[in-house]
Amino acid sequence: MMDLHSPATIRHLKDKYGFRLAKGLGQNFLTNPGVLQDMVRGAEITDQDLVVEIGPGIGVLTRVLADSAAWVCAVEVDRRLEPILAETLEDRDNVEICWEDILKTDVRRLIEEGKEKMGPDGAVRIVGNLPYYITTPILMKLLEEDTGAESITVMMQKEVADRIVASPGGKDYGALSVAVQYHCETRRVAVVPKESFYPHPKVDSAILHLTMRDAKAAEVNDEKTMFACVRAGFNQRRKTLVNALSSGLGMDKEEVRICLDRAGVDGGRRAETLTIQDFAQISNEIENYQRQG
Ligand code: SAM
């Protein structure tokens, strides 16, 4: 098999199958073999594991994943890649392609079916070089649905990765940081320059390894209220908490003050200084207040 990470091979396959890259599907294929190894090592894959890959493209990462894992199920929306993947994965017998939109895929079912085929031994890991136009919807779907996966190791725009791993206090810290860190522990595996792809995307990328938490980062009575508070706080991040929560949640300032007092959080602070535990306490008090007064 030729080097799938070489731009010359990608051009050859495109010509052979009359394939035109769909920019709208985020088709930037990896051309840096070191990055493939970073992804596999970062994902901590063992030969017992079941891997769900998002967006195999021409199969460059899929082949490496298949060499490390017991079973790979790759979800790809672009059926035009079918003849190419048939050729590039011809010599791998532990890969299955699921021709679906990942946003509509029942990932839990996919994992259950995969486990039946390979036996229930290893961990379940989700891995992928994400299509960047839907990075956040994919992540939120994988985090909010109970997929049964232990970890998610994904390449994304560096700017989005920076926001996900950010700590309170900085400009990158926001609703996305809270949402992801509530569900998982985050680790940055590598920063990947745009020259590592064909064609080059406009921005640099980064690989994140997200480990699903056994228990969420904070005790929250009602997640809907929690994330309504987070959105309200960060939608108007320059405002004080009292003002941002009152306008975002449609509550009187006095009511918000009572809840913040009960939560032990100063209403003059801004959302970007709050930890996940602070947000949890505030939302628990607001939910309590709305239920009982
Ligand atoms: N894994 C390959 C690599 O690293 O070279 C390709 C990665 S490319 C950045 C993203 C892939 O996701 C493309 O193959 C694209 O067709 C696919 N894709 C785009 N939207 C998708 C969706 N909604 N569901 C599943 N796959 C999708």
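In this predicted model, the protein chain is divided into domain 1 (7–212) and domain 2 (223–292). The contact draws 11 residues from domain 1 and 13 residues from domain 2. Between the C-alpha centres of domain 1 and domain 2 the separation is 35 Å.

The size of an interface is often given as the accessible area lost when the parts come together. Here, about 940 Å² is buried between domain 1 and domain 2, with carbon and sulfur atoms giving 69% of that area. On the side of domain 1, the residues that lose the most area to domain 2 are Tyr173, Val178 and Tyr182, which together account for 53% of what that side buries. The residues of domain 1 that touch domain 2 comprise 6 nonpolar, 4 polar and 1 charged.

| Interaction between domain 1 and domain 2 | Count |
|---|---|
| Salt bridges | 0 salt bridges |
| Polar contacts (both residues at pLDDT 80 or more) | 5 residue pairs |

Two features of the backbone also deserve mention. Tyr198 and Pro199 are joined by a cis peptide bond, with omega about -10°. Pro199 belongs to the loop between strand E8 (197–198) and strand E9 (205–212). Glu44, a residue other than glycine, has a positive phi near 55°. The position of Glu44 is in the loop between helix H2 (33–42) and strand E2 (50–54). With a relative accessible area of 43%, Glu44 is partly exposed.

Technical notes
Residues numbered from 1 in each chain as written. Predicted model: local features only at pLDDT ≥ 70, side-chain atom pairs only at ≥ 80, totals over all residues. Heavy atoms only, no water. Domains from an automatic or database assignment. Contact = heavy atoms within 4.5 Å. Buried area = accessible area lost by both parts, 1.4 Å probe. Salt bridge = Lys/Arg side-chain N within 4 Å of Asp/Glu carboxyl O. Polar contact = N/O pair within 3.5 Å; in protein donor to acceptor, adjacent residues only side chain to side chain. Nonpolar A, V, L, I, M, F, W, Y, C, P; charged D, E, K, R; others polar. Helix = DSSP H or I, 4+ residues; strand = E, 2+ residues; numbered from the N terminus. Buried < 20%, exposed > 50% of the residue type's maximum accessible area, 1.4 Å probe, protein only.
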